[in-house]
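Please review the entry shown here.

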Amino acid sequence: MSKENEKTVEIYKQKANIYLATGIKHDKLNLDKANHKREELQKFIKTNIEILPKKSKIFEIGSADGSNAKYIESLGYQVTASDIAEDFIKEINKKGLNSINFNILKDEFTEKYSAIFCWRVFVHFTKEDIEIILQKIYDALENNGLFIFNAMNREIRTVDEEWVDFSNEYHMGAERYFKYFTEKELNEIIVKVGYQIYNFHKEGGENNSKWLVYVLKKCEN
Ligand SMILES: C[S@@+](CC[C@H](N)C(=O)[O-])C[C@H]1O[C@@H](n2cnc3c(N)ncnc32)[C@H](O)[C@@H]1O
């Protein structure tokens, strides 16, 4: 586990409640925009996950308030939501979801899943972390299972990585580690591990290129 992620995890553990509150505050600034973003994400999740039989087991890494996990459950899947901070776990439990305190770099999967979902979490990992994580997830997927995630695109940034505490409504009172990846460097790791890129697009930001969005498939003969 990188020092960068370890330190960021400590910040989330101490400040998960601030993260939850600032998220609500941010959405309230422009409710229409927040609702539109949520609907677009839900459309994306539904389109990609619906190829899996209902009741399939799906695991989410870094669920925070659990709203994405709740949506996936509403589509008819058996969902396990997870995060590293107890205050996130409490929030997830309030939604009636199965939950587990799970650090993707420290803990081991104890079962196999049809899909694993990880949204806006790769921003907090180094390249070495990502190499470990992509392999670990591959091993935890059933054959034909999906790994759905996004990462921030290096191409529209001026640096590879930085420590940030936003001054606006996302302010948390402590800097978190942010890492940006090029499509090329992610694709190299993805192919090396053995995934098939089932779906890919860029989205967000001014040129619709802030995020690299992947749906990977484990295909073993
Ligand atoms: C920017 S938030 C995104 C939360 C949520 N997925 C969303 O899209 O709203 C990043 C999340 O990653 C989690 N996280 C960071 N490092 C992690 C690790 N090593 N294992 C599991 N979760 C981690 C944090 O606790 C936090 O919930």
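Predicted model: local features only at pLDDT ≥ 70, side-chain atom pairs only at ≥ 80, totals over all residues.

Residues are numbered from 1 along each chain as its sequence is written.

**Overall form**
- The chain has 6 helices and 9 strands; helices (H or I, at least four residues) and strands (E, at least two) are DSSP runs, numbered from the N terminus.
- Its radius of gyration is 17 Å, close to the 17 Å that the globule rule gives for 221 residues, so the chain is as compact as a globular protein of that length. The radius is taken over C-alpha atoms, and the rule is 2.2 Å times the number of residues to the power 0.38.
- Of the 221 residues, 33% count as buried. A residue is buried if 20 or more other C-beta atoms lie within 10 Å of its own, exposed if 12 or fewer, and partly exposed in between, with C-beta atoms placed from the backbone.

**Nonpolar core**
- The largest nonpolar core holds 50 residues, of which Ala115, Ile116, Phe117, Cys118, Phe147 and Phe149 touch the most other members. Such a core is a set of buried Ala, Val, Leu, Ile, Met, Phe, Trp, Tyr and Cys residues joined through C-beta atoms within 7 Å.
- Strand β5 (residues 141-152) gives the most to this core, with 6 residues.
- Leaving aside neighbours within four places in sequence, Phe117 is in contact (C-beta atoms, placed from the backbone, within 7 Å) with Ile58, Glu60, Asn68, Ile72 and Ile148.

**Helix α3**
- In α3 (residues 67-74), Asn68, Ala69, Ile72 and Glu73 are buried.
- Seen down the axis of α3, these buried residues fall within an arc of 140 degrees, so they line one face of the helix. The arc is that of the directions from the helix axis to the C-beta atoms.
- The buried residues of α3 pack against α2 (31-49), β1 (57-60), β2 (78-83), α4 (86-94) and β4 (113-118).

**Positive phi**
- Arg120 has phi near 65 degrees, a positive value in a residue other than glycine; Arg120 lies in the loop between β4 and α5 (127-140).
- Lys55 has phi near 70 degrees, also positive, and Lys55 is in the loop between α2 and β1.

Conventions:
Contact = placed C-beta atoms within 7 Å.
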